[in-house]
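Me: Could you take a close look at the ligand site in this model for me, and then walk me through its surroundings? I'd enjoy one connected account.

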Amino acid sequence: MLNYEDKIKNLSTLKELEELRVEIFGKKGVLAEKFSKLKTLSKEEKKRVAKELNEIKERLLFLLNEKRAFLEDKELKERMKKEAIDVTLFDGKSESGALHPIFSMIDKAVDFFISMGFSIEEGPLIEEEFYNFEALNLPKYHPAREMQDTFFLKDGKLLRTQTSPVQIRVMQKQKPPIKLISPGAVFRRDYDLTHTPMFHQIEGLVVDKEGKVSFSNLKYILEEFLRYIFGDVKIRFRPSFFPFTEPSAEVDISCIFCNGEGCRVCKKTGWLEVLGAGMVDPNVFEAVGYKNVSGYAFGMGIERLAMLYYRVPDLRTMFEGDLRLLEQFK
Ligand code: DAH
């Protein structure tokens, strides 16, 4: 039986081990055979041989289990080595990404305004009512607050509904002249083909001494901008209302889908509204303690521009993270 100890020592695979285990311990194995022969022995001898056999059995079982643990460990290590994946390895198939259409639209706009001498400012997404409403000439209970469906937070704060509060924050910190744009995310309770609860705006503000900033300056900059983005379009300023500007205007471009002839997108009007603007309301200057100044401001929705520019029919698809959409913008 001792040669089985050597056989166990020399095992090199789990498969061999299993075969040997059956050979020794199986129903028809060597041990079973030896035990079955006990009955042919005398009582004394039976006792002695049985004891011996049991000791051998224990010993071989111990050796076998020890060997099994060793082989299992060895085979696991070998397998891990063989199946290892180098995640840093370049597979030659990876695709390069593309800028999200909203961000390439922001980039385009930012490029334009920087070339015109504007600086870029940012403000917090979680705002106070004072900056989002009060200081922008939207007192509590003013009906114009209803123009926007606000996400109010617990502690009296809110998610900004427009980038206009950045105007106030900058004017509080700086003296005129000011010439800024502020791109960023804004939030409203809205969800349909052309609205998502989070979207982006670019705010513009220019302030200088009284008489130095006029409506024609505003008109010039916006016309230049819209032609920079949309090429040869017609542009019109329509009288409108915003609490923070007086006079106020909404700006339309001739429909880029039908060249102004009237189609489904422009609702047969031939025009597409693209932004709001006006001369800064004196109440806004008062809220920040500015005196003897004049200024203009404008605000536009990036998604609106991007949908028109890239001709995306459903705004919601822009934020679903579907690669099939993004792949079209490479
Ligand atoms: N804040 C306005 C909105 O969200 C857009 C806007 C209009 C901004 C006119 C302005 C402005 O600065 O002068 O609808």
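Reply:

**The ligand site and its surroundings**

The centres of domain 1 and domain 2, taken over C-alpha atoms, are 81 Å apart. Domain 1 covers residues 2-88 and domain 2 covers 101-329, with bounds that come from an automatic or database domain assignment. Please keep in mind that this is a predicted model, in which local features need pLDDT of at least 70, side-chain atom pairs count only at pLDDT 80 or more, and totals for chains, interfaces and linings use all residues. Residues are numbered from 1 along each chain as its sequence is written, and side-chain values use heavy atoms, with hydrogens and water left out.

Now to the site itself. The ligand is surrounded by 15 residues, and the closest are Gln162, Ser164, Arg188, Gln201 and Glu203; a residue is near a molecule or strand if one of its heavy atoms lies within 4 Å of it. By class, this shell holds five nonpolar, eight polar and two charged residues. Here Ala, Val, Leu, Ile, Met, Phe, Trp, Tyr, Cys and Pro count as nonpolar, Asp, Glu, Lys and Arg as charged, and the others, Gly among them, as polar. At least two shell residues come from each of strand S5 (198-209), strand S8 (271-280) and strand S9 (293-301). Helices (H or I, at least four residues) and strands (E, at least two) are DSSP runs, numbered from the N terminus.

Next, the polar contacts, meaning pairs of N or O atoms within 3.5 Å; within protein, one must be able to donate a hydrogen and the other to accept it, and residues adjacent in sequence count only if both atoms are side-chain atoms. An N or O atom in the side chain of Gln162 is 2.7 Å from a nitrogen atom of the ligand. Arg188 places a polar side-chain atom 2.7 Å from an oxygen atom of the ligand. The backbone takes part as well: a polar backbone atom of Ala297 is 3.2 Å from a ligand oxygen. On its own the ligand has 350 Å² of accessible area, and the protein covers 90% of that; the areas come from the Shrake-Rupley method with a 1.4 Å probe, and for residues only the protein chains shown count as cover.

Strand S9 also contains Ser294. Its side chain reaches the backbone nitrogen of Val213 at 3.3 Å. Ser294 counts as buried because its relative accessibility is 13%, where buried means under 20% relative accessible area, exposed over 50%, and partly exposed in between (1.4 Å probe, protein chains only).

Let's move on to the cysteines. With a disulfide taken as a pair of cysteine sulfur atoms within 2.5 Å, the count is zero. Cys255 is in no disulfide, and the nearest cysteine sulfur, that of Cys258, is 3.6 Å away. Cys263 is in none either, with the sulfur of Cys258 nearest at 3.7 Å. Cys255 is buried, at 1% relative accessibility, and Cys263 is buried at 15%.

The loop between S7 and S8 holds Asn259 and Lys268. Although Asn259 is not a glycine, it has a positive phi of about 55 degrees; Lys268, also not a glycine, has a positive phi of about 65 degrees. Asn259 is exposed, with 64% relative accessible area, and Lys268 is exposed at 66% relative accessibility.

Finally, strand S7 (residues 245-254) includes Pro247, and the peptide bond from Glu246 to Pro247 is cis, with omega near -5 degrees.
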